Amino acid sequence: MMPRQSPGQGRQNVAVPARHQARQGTMNRPLALITAFAFLSGCQTFAPNEPDGTPPIQEADQVAKPAPDEYGSFSEDTLYSLLSAELAGQRNRFDIALGNYVQQAQATHDPGVAERAFRIAEYLGAEQAALDSALIWADAAPTDIDAQRAAAVQLARAGRYDESMTFMEQVLQRQGNTHFDFLALSAAETDPDTRAGLLQGFDRLLRKYPDNSQLLFGKAILLQQDGRAEDALELLEDQPASAREVSPLLLRARLLQSLGRGEEALPLLEKGIRQNPEDKRLRLTYARLLVEHDRLDDAKGEFSKLVQENPNDDDLRFSLALVCLEAEAWEEAIVYLDELVERRSHVDAAHYNLGRAYEELKDNDSALLEYAQVGPGNEFLPAQQRQTELLVRAGRYAEASQRLAKARDAQPDYAIQLYLLEAEALSNNGQVDAAWATINQGLEQFPDELNLLYTRAMLAEKRDDLAQLETDLRFILEREPEHAMALNALGYTLADRTTRYAEARELIERAHQLNPDDPAILDSLGWVNYRMGNLDEAERLLSQALEKFPDHEVAAHLGEVLWAQGKQDDAKRVWRAALQGNPDSPILRSTVLRLTGSEKL
């Protein structure tokens, strides 16, 4: 995205020549403005005539010189308002500057003042002021392409597409850059009727200008937004310009990807790169597409070239590092990630991914060092999780707890997540009592935190403390009656661990109404039907759950239902498939042993 132009950039026409030619200026030159204002107090020329009315004698008057700019007369109130605006801008009071300029643009209808008002409004993101001043500018300067384009873009942003197209056509007639792509893109969030109307506008202009590549590109964008990718692609493929110009070519590549024809986009982009070898967008799109097609070595080569050509682009360097990680080129990834740290760019992400790389290299000490350097942000919790997993797996429980306690003190906004993270890591590694102590510590600090209560309920089930489980889940449901996870967890536990089947089914059905496609809830609903003797319904629901989520626990349940129906071969088939992916699953092993008398199938 290009940075917005500051209000001091572009043309500055406070002392406005009648021809309104472009001149450079900034808000920070009030002395020049004062000088210019001096010429505006009723004078129409730079120098007075001689007493007899003849022009003053000038040296070398035989040499033809450009005609001087003619300055229009402004009232003293207007001059004062504009000068105040400039001084306000110098002091970063752009609100005053904008207000004064918009007011004077409306009062004077002067194109220079209106343009200046528009530039300030655009810089400040003042949409209504930008629209109003752009329309005044366009009306006052009907031959100025920049003015017409500005009005068209602002109208499009305001959703006034028909009016915008009128201004766009004026620009088109003067062979300017029409920005039809922006007009089409701005319609992305509109309703289908508006897009349909805009398409009609494009078709109307295309009848007049059938070979205009920007019109064709804009129409293709609209077709894409309307879900007509095939039509958009056909439109671009029928136009030779779309194979040469970069933006249409990139759109063709995206359309091919969306249609599942990404392999056709690769040679298209390769040809585009040969025609436009310096275009970064093409090279980057090509490199990313190579990643999507799992051609990681080729992608790595493309990203390497991009980094060499753009050595200060750390986004590219970071992308290259990620491709190296995906390609399992750990040492190479470390080189680029270390460069990012040295350049103080993507620092937290670099440290986190350095930790990942060192983990893969079995250098856990270096991994722990990198994870510990990740600061608050998107990578903070993942880094804390990996750090904790490494320490807990190594039996370094006290160190893991100490590090997390230190992290909670340093980053109190993450305290709840860190309690949950620690409890989960300990529980997953068989340290249920330690996890229980951690969650209770968290609840002392956050007594009504529902996530902590839910986690304690799950730990209570592992400790066979069903009373505590039900107490915590009931508390959650009092606060949030439509908490689907709590409904499902309580219902499943009652079905699996008690004979309160009717109550269990009611809870699970409430959860199912909230999330009808959740495979965990389908599994619970199937299991409670099995416990109640509804075997056919149980099989139907558990089959759905396994199809949506091929989980070993769901497979154990479905196999048991099939076994109870006398479909032993089907049951064994389900169990075998699940054991291939989860050979150490305790629930699968125990179910098979309980029903068949052997762990072998």
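Contact means heavy atoms within 4.5 Å. In this predicted model, the buried residues of helix 21 pack against helix 20 (380-393), helix 22 (415-428) and helix 23 (432-445). A search of the whole structure finds 36 salt bridges and six aromatic pairs. The largest nonpolar core holds 109 residues. The points below take up these topics and then two single residues.

**Helix 21**

- Helix 21 spans residues 397-410, which makes 14 residues.
- From its first C-alpha to its last, helix 21 reaches 20 Å, close to the 20 Å expected at 1.5 Å a residue.
- The buried residues in helix 21 are Ala400, Leu404, Ala407 and Arg408. They lie on the same side of helix 21 because they cover an arc of only 100° around the axis.
- The face turned away from that buried side carries the exposed residues Ala398, Gln402, Lys406, Asp409 and Ala410.

**Nonpolar cores**

- Within the largest nonpolar core, of 109 residues, Leu269, Phe303 and Leu473 touch the most other members.
- Leu473 is in contact with Tyr454, Ala457, Met458, Ala486, Ala489 and Leu490, leaving aside its neighbours within four places in sequence.
- Another core, of 31 residues, lies apart from the largest one; among its members are Leu98, Ala114, Leu155 and Met168.

- Side chains of opposite charge can pair when their charged atoms come close.
- Arg497 and Asp464 meet through their side chains in a salt bridge of 2.6 Å, N to O. This pair links distant parts of the chain, 33 residues apart: Arg497 is in helix 26 (residues 484-497), and Asp464 is in the loop between helix 24 (450-462) and helix 25 (466-479).
- Arg497 counts as partly exposed at 33% relative accessibility, whereas Asp464 counts as exposed at 55%.
- A salt bridge also joins the side chains of Glu264 and Arg261, at 2.8 Å, N to O. Glu264 is partly exposed at 35% relative accessibility, and Arg261 is partly exposed at 23%.
- The side chains of Arg93 and Asp95 form a salt bridge at 2.9 Å, N to O. Arg93 has a relative accessible area of 40% and is partly exposed; Asp95, at 47%, is partly exposed too.
- A network of salt bridges links Arg283, Glu302, Lys305 and Glu309.

**Aromatic pairs**

- There are six aromatic pairs in the whole structure. In one of them, the rings of Phe94 and Tyr123 have centres 5.7 Å apart and planes at 75°, so the pair is edge-to-face.
- Phe94 belongs to helix 3 (residues 94-108) and Tyr123 to helix 4 (residues 111-124), so this pair ties together parts 29 residues apart in sequence.
- Phe94 counts as buried at 16% relative accessibility, while Tyr123 counts as partly exposed at 28%.
- The rings of Phe118 and Trp137 have centres 5.8 Å apart and planes at 40°, so that pair is tilted.
- Phe118 lies in helix 4 and Trp137 in helix 5 (residues 127-140), so the pair ties together parts that are 19 residues apart in sequence.
- Phe118 is buried, with a relative accessible area of 2%. Trp137 is buried at 1% relative accessibility.

**Thr591**

- Thr591 is found in helix 32 (residues 586-596) and is buried, with a relative accessible area of 4%.
- Not counting residues up to four places away in sequence, Thr591 touches Ala556, Glu560 and Trp575.
- Thr591 is 34 residues from His557 in sequence, and their C-alpha atoms are 8.4 Å apart in space.

**Asp517**

- Asp517 sits in the loop between helix 27 (501-514) and helix 28 (519-531).
- With a relative accessible area of 55%, Asp517 is exposed, because a value over 50% counts as exposed.
- Asp517 touches Leu522 and Lys548, not counting residues up to four places away in sequence.
- Asp517 and Gln544 are 27 residues apart along the chain, and 9.1 Å separates their C-alpha atoms.

Key: Residues are numbered from 1 along each chain as its sequence is written. This is a predicted model: local features need pLDDT of at least 70, side-chain atom pairs count only at pLDDT 80 or more; totals for chains, interfaces and linings use all residues. Side-chain values use heavy atoms; hydrogens and water are left out. Helices (H or I, at least four residues) and strands (E, at least two) are DSSP runs, numbered from the N terminus. The expected span of a helix is 1.5 Å times one less than its number of residues. Buried means under 20% relative accessible area, exposed over 50%, partly exposed in between (1.4 Å probe, protein chains only). The arc is that of the directions from the helix axis to the C-beta atoms. A salt bridge is a side-chain nitrogen of Lys or Arg within 4 Å of a carboxyl oxygen of Asp or Glu. A nonpolar core is a set of buried Ala, Val, Leu, Ile, Met, Phe, Trp, Tyr and Cys residues joined through side-chain atoms within 4.5 Å. Rings of Phe, Tyr and Trp (its six-membered ring) pair if their centres lie within 6.5 Å; planes under 30 degrees apart count as stacked, over 60 as edge-to-face and the rest as tilted.
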